Amino acid sequence: MLKKCWISLIIILVLGVSGCDKRVIDGQQVNKKEKIIIKFSHVVEENTPKGLAAFRFAQLISERSSGSIEVQVFPNSQLFKDGEEFEALNRGDVQMIAPATSKVSQLFPQWQIWDLPYLFTDLDSVHRIMDGPVGKELLNQLQEKNMLGLAMWDNGFKHLTNNEHPIIKPRDLEGLRFRIMSQGILEEQFYTFGADALFLPFNDVYKSLEEGRVQGQENTISNIYTKDFDRVQEYLTLSQHGFLGYAVIVNQELWNQLPSQARELLEDTLSEVTQWERAKARELNEEQLLELQKREKLKIYSLTTSEKSIWKDSFLPVYRKLEQEIGPEFLSNVKKQCEPIEN
Ligand code: LMR
């Protein structure tokens, strides 16, 4: 069921524009009752790539619509936790979410390509997939569940933290339990090396590390830093083994009911913010690594290129597993498109 207040706003808007598609979105001309409210829920801190981009999007939309469209951002799982966001979007309790691709993969298994360890070696290959035919195909799948994927955002590459010992070789994972953000391939990558994996919503990670329910976790520098995981973890391995990105999603049915000019403004602004977000993500992850180094709480080890290639080879069983699940053609197509373009 869609939220009543949203329905009434939409009805006013749709009725108000019937027969006149050229309605100007202008706060001066729009009755306050006609205001479009978009609740944007996410689970991370404000000072993160997603948090800052959501805020920037809200600001630009407010300015450009002269206040007739208001994007209200709810960070930090304030409204809904992981696992609750999709339902909330479906019910119309929120109108926009930006879950990690791993969380989308719980509904659409092909999205697990984003979780394959060492599939993406740099951000260029990530963006080639996001912005190319594979990215489009993946976003199109969302329509099966009344969702529309409007953009793909970055956080960055994931690294490993734990509070037992330095992790340098794959076998160092053995016997440890890691928090994972969703089941499937992320579990497999830990099982492959005799480690255990426990799914937990992002909001519960700090406490679970503190209480020892899990000994480690994998995440980007930005999430490690802004959630203060270094207070409850001793070791950080800069492994860059996986990628964390986001899909920016709206409820398809509600979207279709918006006046075309509102949709156009939202889409154009989002694509501008997407470019900004990707640059910001890179910058924040670099800056926040320096901050973590300054805090001196974590013992940091950076895997060398040859160590990374040993890790990559050892993950072969994980690739096989995904191939069985989603078919070898899809994966080989992704791999091909990840390869650097020759000049
Ligand atoms: C996590 O659950 O660790 C991340 O997906 C959180 C996020 O949205 O970056």
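Q: Which helices and strands each supply at least two residues of the lining of the largest pocket?
A: This is a predicted model, in which local features need pLDDT of at least 70 and side-chain atom pairs count only at pLDDT 80 or more, while totals for chains, interfaces and linings use all residues. Residues are numbered from 1 along each chain as its sequence is written, and side-chain values use heavy atoms, with hydrogens and water left out. Helices (H or I, at least four residues) and strands (E, at least two) are DSSP runs numbered from the N terminus. At least two lining residues each come from helix 5 (123-131), strand 4 (147-162), strand 8 (235-251) and helix 11 (260-295).

Q: Which helix gives the most to the lining of the largest pocket?
A: On a 1 Å grid over the protein atoms alone, a pocket is an open set of points with protein on both sides within 12 Å along at least five of seven lines, a cavity is a set where a 1.4 Å probe fits but cannot get out, and lining residues have an atom within 4 Å of a point. The largest pocket has a volume of about 400 Å³, and of its 18 lining residues the closest to its centre are Phe 157, His 159, Gln 240, Asn 285 and Glu 286. With 5 residues, the element that gives the most to this lining is helix 11.

Q: What space does the ligand take?
A: A molecule sits in a cavity if more than half of its atoms lie within 2 Å of the grid points of that cavity. The largest cavity has a volume of about 80 Å³, and its lining of 16 residues includes Val 43, Lys 50, Ala 100, Lys 103 and Tyr 246, which lie nearest its centre. The space taken by the ligand is the largest cavity.

Q: How much of the accessible area of the ligand does the protein cover?
A: Polar contacts are pairs of N or O atoms within 3.5 Å, and an oxygen atom of the ligand is 2.6 Å from an N or O atom in the side chain of Lys 103, while a polar side-chain atom of Asn 219 lies 2.8 Å from an oxygen atom of the ligand. Of the 270 Å² of accessible area that the ligand has on its own (Shrake-Rupley method, 1.4 Å probe), the protein covers 100%.

Note on methods. Polar contact = N/O pair within 3.5 Å; in protein donor to acceptor, adjacent residues only side chain to side chain. Points joined across faces, edges and corners; volume = space filled by probe spheres on them.
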